[in-house]
Amino acid sequence: MNDLEKINSYLYSSDDPIILRFRVWYNIAMHFVTRGIEFHQQPQINSFEFHFDENNREYACLSHEMKQKNWQGGLDSGETINDKRMYSCEGDRCPVASLKLLILKTDPDATSLFNHINKDALLSKTDPDATSLFNHINKDALLSKTPNILQLWYTNKSVKSYQFTRFMADVSKNASCSVMYTAHCLRATAIQAMSDAGFEIRHIMYMSGHRNEASVRSYSRDCSTSKRNQ
């Protein structure tokens, strides 16, 4: 838990090109319980949609399926892509706001998808010609001591698959964590957090993509939050 707080403190310590890219990647990995490097290189600029639920709370959801490790293809009956959501929250640690900062287009002819957004308040930091969600950092933005004065932080050159394998190690190092974590640790942490929060096993399986309960239970700690509270 101490390392989790260190990671979150680091990821929201400032808005700069390195941290913002790490932050969006981390939030997507945690909220959508992603698995395998196959996922991380697939998201495109148009892979996410923004909506409001019945309580007028904003959320981001995937606009299409993505291939992942052990992916079987297709959705089960009754399932829809936007059932998996990353919700906004108040305060400075809003994952939806970070995603918007990375990809939001401010074209006046933009579709109704973005009509609810104040286009004067938020500009995309990614090159308008980019198609991938995660791209290389613009050299000027990387070297600048005041990157916030620059409109574009990212080029249209996508991050290669092998580079994602270093993301979590870099975050761990920059956040001064006690150990070097991997991307798979985020998946395990997300599953454990849902278990500790009391989610039913079938709901956890839906989010994680597991097909049997034994696989999900293998992620759980021997001493869960509920057991510690007994």
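What you see is a predicted model, in which local features need pLDDT of at least 70, side-chain atom pairs count only at pLDDT 80 or more, and totals for chains, interfaces and linings use all residues. Residues are numbered from 1 along each chain as its sequence is written, and side-chain values use heavy atoms, with hydrogens and water left out.

**The chain as a whole**

- You'll find 11 helices and 5 strands in the chain. These are DSSP runs numbered from the N terminus, with helices being H or I and at least four residues, and strands being E and at least two.
- Of the 230 residues in the chain, 39% are buried. Here buried means under 20% relative accessible area, exposed means over 50%, and partly exposed is in between (1.4 Å probe, protein chains only).
- Take the contacts between residues at least 6 apart in sequence: 59% of them join residues at least 24 apart. A contact means heavy atoms within 4.5 Å.

**The largest pocket**

- The largest pocket has a volume of about 1,000 Å³. A pocket is worked out on a 1 Å grid over the protein atoms alone: where a cavity is a set of points where a 1.4 Å probe fits but cannot get out, a pocket is an open set with protein on both sides within 12 Å along at least five of seven lines. Grid points are joined across faces, edges and corners, and the volume is the space filled by probe spheres set on the points.
- Its lining takes in 40 residues, and those nearest the centre are Leu4, Met30, Thr189, Ala190 and Ala193. Lining residues have an atom within 4 Å of a point.
- The elements giving two or more residues to this lining are helix H1 (2-11), helix H2 (17-31), strand S3 (85-87), helix H8 (183-196), helix H9 (201-208) and helix H11 (225-228).
- H8 gives the largest share of the lining, with 9 residues.
- By type, the lining splits into 23 nonpolar, 8 polar and 9 charged residues. Nonpolar covers Ala, Val, Leu, Ile, Met, Phe, Trp, Tyr, Cys and Pro, charged covers Asp, Glu, Lys and Arg, and the others, Gly among them, are polar.

- The buried ones are Pro95, Val96, Ser98, Leu99, Lys100, Leu101, Leu102 and Ile103.
- Their cover includes H2, strand S1 (48-52), strand S2 (58-62), S3 and strand S5 (154-158).

**Salt bridges**

- The structure holds 4 salt bridges. Each one is a side-chain nitrogen of Lys or Arg within 4 Å of a carboxyl oxygen of Asp or Glu.
- Glu5 and Arg93 pair up through their side chains, 3.2 Å from N to O. This pair links distant parts of the chain, with Glu5 in helix H1 and Arg93 in the loop between S3 and H4, 88 residues apart. Glu5 is partly exposed at 40% relative accessibility, and Arg93 is partly exposed at 35%.
- Asp15 and Arg23 make another salt bridge, 2.5 Å from N to O. Asp15 is partly exposed, with a relative accessible area of 35%, whereas Arg23 is buried at 3%.
- Lys100 bridges to Glu58, with their closest N and O atoms 2.8 Å apart. Lys100 sits in helix H4 and Glu58 in strand S2, so the pair ties together parts that are 42 residues apart in sequence. Lys100 is buried at 8% relative accessible area, and Glu58 is buried at 11%.

**Single residues to look up**

- Most residues other than glycine have a negative phi.
- Val33 has a positive phi, near 50 degrees. Val33 lies in the loop between H2 and helix H3 (37-40) and is buried at 2% relative accessibility.
- Ser176 also has a positive phi, near 60 degrees, and is found in the loop between helix H7 (167-174) and H8.
- Lys160 is in the loop between S5 and helix H6 (161-164), and is partly exposed at 44% relative accessible area. The C-alpha atoms of Lys160 and His40 are separated by 9.6 Å, with the two residues 120 apart along the chain.
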